Amino acid sequence: MITVKIKHFSFCLGLLVSFVCSGVLALETQQIEDVESQVPPRIGVPVFGESLFQGAFKDQPYSGFNPDYRISVGDQVNLQLWGAYNFSASLPVDPKGNIFVPEVGPVHVAGVKNGELNNFVLRHVKRVFKNNVQAYANLEASQPVKVFVTGYVNSPGLYNGFSSDSILYYLDSAGGINELSGSFVNIKVMRQGKEIQAVNLYKFLVDGDMPALQLRNGDVVVVGARNGSVTVNGAVQKEAQLEFVGPYTQLGEVLLVTKPAPQANFARITQVINGIQKAEYMPLASAMTTRLYPGAHVELVQDNDIESISIRVSGELDGPATYVLPYGAKLSELLNQLSFRNNADRDSIQLYRKSVADKQRVALDRSLDALQMEVLTRQPNTDLEKSAQKDNAAMIQNFIKQARKAEPRGQVVIAKNPNSANMLLEDGDELVVPLKSSTVSIVGEVIFPTSLVYSKNRTLEDYIELAGGFANNANRDELVILHLDGTISRITDGDFDNRLGNRLRPGDEIMVMPKIHSSELQVTKDLTEILYRIAVGTAAVLSF
């Protein structure tokens, strides 16, 4: 059985173990095209509005003061009279729309606006009590109602609420709109078979516009089927699948909902028209009136000529924090411009790159997806295995959840590579020059994770003993040493003799990995590899 805890976990992920020394990460990209009647929505692009129904509306019913709310049968009205005649009570609005005021008689309040209720009741009281009697009336609570919610929602049914509650409350109570089949722009409120209100949630999401509607017992909220949609991604403020009404829409209308990023200047449009797939690439200004049919995919891009790149630098350096170099500049050109301080460790220069970080993110997610699939699809043979697998699956799911939070740093290891000086720089690269270190750190499964002063006479075993020794859950057969320049050494088979003291350098981090307790060989292997990937990249250890 696997137990999980998180120890010394930081949120960054560096190069994967098998590629760290080269500083190069290979990534295969597989594209699947399925052209039938239309181009399918891109996987991973969310439906616009899908995050709307997360329980925030159903957990907050609204029965507060709304000046435009009209009093209806079943409401409760607080009435106070004082002066020559005293009276205080909560009066229900009866089936005829009246409240009964002592000494005054029935007062018909149904249909009166909430904001006008007090003056309306006071006028009726003054007809009987000319002087010395004052009145104060206010709505105590709007009428409890039961409303049907049906159509393309996740849990159709009859739901309790107040007549003052919004449509969002009832939709959220029904589990929200089914994002795959339900419409966010075609919602109707029916009363006795007739439509009394049409609701378009895009207007609420974009402009905050929600129609004020007073619901009654037996009203029906109907969510229609999803209309045609287009997928928009790339240089936009929010990637999304957007629904529209009618046979087609225009790009300009779509971008009113999901705004383009300021740097977007071209549009790549792919769609099927009359059974033929067509692709267009045009300036954004010219594309605004382009017709988009159901299934169209639009990618906004920044397509500019690059003349220069910006590189950030930090650490033991004097001078500016950012250098602007010509496009195509090499690492050597940047290094020649830097002013190193006396304590700069020039042999441990670190380079971080966004494009590498993106590939690392994809690689880690693929590993976690494979682990998740392995766990969820394994079939137990006995009841005992079934019980153990359930516990294992829960623990591994928790581990996967934490591991997905790791953010790649995108380090490109340039140490010990004679060709690194000729490496082309990319816009946004970050170069860090560390301080010469005089310590060695020990993290992971030791009693007292700490940092110690480096001594060339100490072995690995010495440092581990100075950290209190191995913890009970330590994997004593394999260690990882992360060097300051980003390279690693992997020590196996408990080989901690004096020879290995020569492998240690100031600034090193000794990582003691945890044991993996699992009877499933493949799961153990997958977990071990993921643990090492995260540990090497983050200088931290997830502990089992």
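Modeller: Leaving aside residues up to four places away in sequence, Leu 300 touches Asn 233, Gly 234, Ala 235, Val 236, Leu 255, Pro 260, Ala 264, Phe 266, Ala 267 and Leu 284, a contact being heavy atoms within 4.5 Å. This is a predicted model, in which local features need pLDDT of at least 70 and side-chain atom pairs count only at pLDDT 80 or more, while totals for chains, interfaces and linings use all residues. Residues are numbered from 1 along each chain as its sequence is written, and side-chain values use heavy atoms, with hydrogens and water left out.

Together with Leu 171 and Leu 201, Leu 300 touches the most other members of the largest nonpolar core, which has 48 residues; such a core is a set of buried Ala, Val, Leu, Ile, Met, Phe, Trp, Tyr and Cys residues joined through side-chain atoms within 4.5 Å, where buried means under 20% relative accessible area with a 1.4 Å probe, protein chains only. Helix 2 (residues 167–173) gives the largest share of this core, five residues, helices being DSSP runs of H or I with at least four residues, numbered from the N terminus. Another core, of 22 residues, lies apart from it and includes Val 77, Leu 81, Val 125 and Phe 129.

As for confidence, the protein chain averages a pLDDT of 81, and 83% of the residues score at least 70, pLDDT being the predictor's confidence in each residue, from 0 to 100. Over residues 1–43, however, the pLDDT is below 50, although this stretch has 113 contacts in the model beyond near neighbours in sequence. Where pLDDT is low, the predicted coordinates should not be read in detail.

Conventions. Buried means under 20% relative accessible area, exposed over 50%, partly exposed in between (1.4 Å probe, protein chains only). Helices (H or I, at least four residues) and strands (E, at least two) are DSSP runs, numbered from the N terminus.
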